[in-house]
Amino acid sequence: IFGYTADVLYQMTFMEITHPDDLGKNMEFREQSLRGEIDRYTMEKRYRRGDGDYVWANLSASVLRDHKGAATGFIAVIEDISARLAAEDALKEREAKLSRIFDHAAVVIALADKHGTYIDVNAAFSSLLGYSREELIGNSPQLITHPDDHQKCIDFIDDANAGRTNEQD
C-alpha cells in the first residue's frame, strides 16, 4: 500500500506518512484512545506513499493495554480503499450525466413507483402537462388523467407490475 520497504517503515511514525489534512482527526482519536475515552476508532484517511503520491485507506485502530490498564501501543488494520473511492466517483459522475440527460431530454419522462406514484419527472413532462415538478412528484397519474380513463391507468400499472406489456396502448 505504502510503497516503502519494511525497514524504512519501521523507522517512520504514522504522523510522517499521514496527509496533513487528516492528521488532526487521527491525533484526536489517538488521544481519546490513550485517555480511555474510546477503545478503538475507524477513519478514512490518506497516506503518503514512497513515491510522494497519496493513497486512500480505511484505518481501524485499537489501543493495547497492559494488565493494569495502561496503554502500551496500538494495533491497526489498514485497508486500501482507492479502488472503492474511484468507483464511487465514477458512479457519481455517471449519475450526474444521467440526471442531465433526464432533465434536458426533449421527450417526456416520468419515473413512478410500483403504485404509480411519480417519484421524478423531467422538465418536458412538466411543461407538457402544465404542472410543476413539485406538484407531480408524490402524486398518482390520476391527477393528470381524465376520470373516464382512471381504470385504464390502474390496469396499466397492474400490467406493468406483472411484467405484461401492451404496446398498442
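## Phenylalanine 102 and helix H4

Phenylalanine 102 is found in helix H4, where helices (H or I, at least four residues) and strands (E, at least two) are DSSP runs numbered from the N terminus. With a relative accessible area of 12%, phenylalanine 102 is buried, a term that means under 20% relative accessible area, with exposed meaning over 50% and partly exposed in between (1.4 Å probe, protein chains only). Leaving aside neighbours within four places in sequence, phenylalanine 102 is in contact with Ile109, Leu111, Asp120, Val121 and Asn122, contact being heavy atoms within 4.5 Å. The C-alpha atoms of phenylalanine 102 and histidine 19 are separated by 39 Å, and the two residues are 83 apart along the chain.

## Basis of the model

This is a predicted model, in which local features need pLDDT of at least 70 and side-chain atom pairs count only at pLDDT 80 or more, while totals for chains, interfaces and linings use all residues. Residues are numbered from 1 along each chain as its sequence is written, and side-chain values use heavy atoms, with hydrogens and water left out.

## The chain as a whole

The secondary structure of the protein chain comes to seven helices and five strands, and from the N terminus on the elements run α-α-α-β-β-β-α-β-β-α-α-α. The radius of gyration of the protein chain is 28 Å, well over the 15 Å that the globule rule gives for 169 residues, so the chain is more spread out than a compact globule. Here the radius of gyration is taken over C-alpha atoms, and the globule rule is 2.2 Å times the number of residues to the power 0.38.

Along its principal axes, the C-alpha trace of the protein chain spans about 80 × 40 × 30 Å. Of the 169 residues, 23% count as buried, and among contacts between residues at least 6 apart in sequence, 28% join residues at least 24 apart.

## The three-stranded sheet

An open sheet of three strands has the order E1-E2-E3, with antiparallel pairing; two strands are taken to pair if DSSP finds at least two bridges between them. The edge strands are E1 (40–48) and E3 (71–80), each of which pairs on one side only. From one strand to the next, the twist averages 35°, with axes being lines fitted to C-alpha atoms, for helices over the stretch in contact, and angles running from 0 to 180 degrees between N-to-C directions.

Strand E2 (residues 54–65) runs antiparallel to E3 and is joined to it by nine bridges. E2 and E3 form a hairpin with five residues between them, and glycine 69 in the turn has a positive phi of about 90°.

## Helices across the sheet

Helix H3 (residues 20–34) lies across E1, E2 and E3, running at about 150° to E1, and helix H4 (residues 82–104) also lies across E1, E2 and E3, running at about 130° to E2. At 1.5 Å a residue, the 15 residues of H3 should span 21 Å, and the end C-alpha atoms of H3 are 21 Å apart, which agrees; the expected span is 1.5 Å times one less than the number of residues.

In H3, the residues Asp22, Asn26, Phe29, Gln32 and Ser33 are buried. Seen down the axis of H3, these buried residues fall within an arc of 120°, so they line one face of the helix, the arc being that of the directions from the helix axis to the C-beta atoms. The buried residues of H3 pack against helix H2 (14–17), E1, E2 and E3. Just after H3, glycine 36 takes a positive phi of about 85°.

Aspartate 22, which has its place in helix H3, counts as buried at 9% relative accessibility. Not counting residues up to four places away in sequence, aspartate 22 touches Met43, Lys45 and Arg46.

Serine 33, also found in helix H3, is buried with a relative accessible area of 1%. With residues up to four places away in sequence again not counted, serine 33 touches Ile38, Tyr41, Val63, Arg65 and Phe74.

## Helix H7

The twelve residues of helix H7 (residues 150–161) should span 16 Å at 1.5 Å a residue, and the end C-alpha atoms of H7 are 17 Å apart, which agrees. H7 is followed by glycine 163, whose phi is positive, near 85°.
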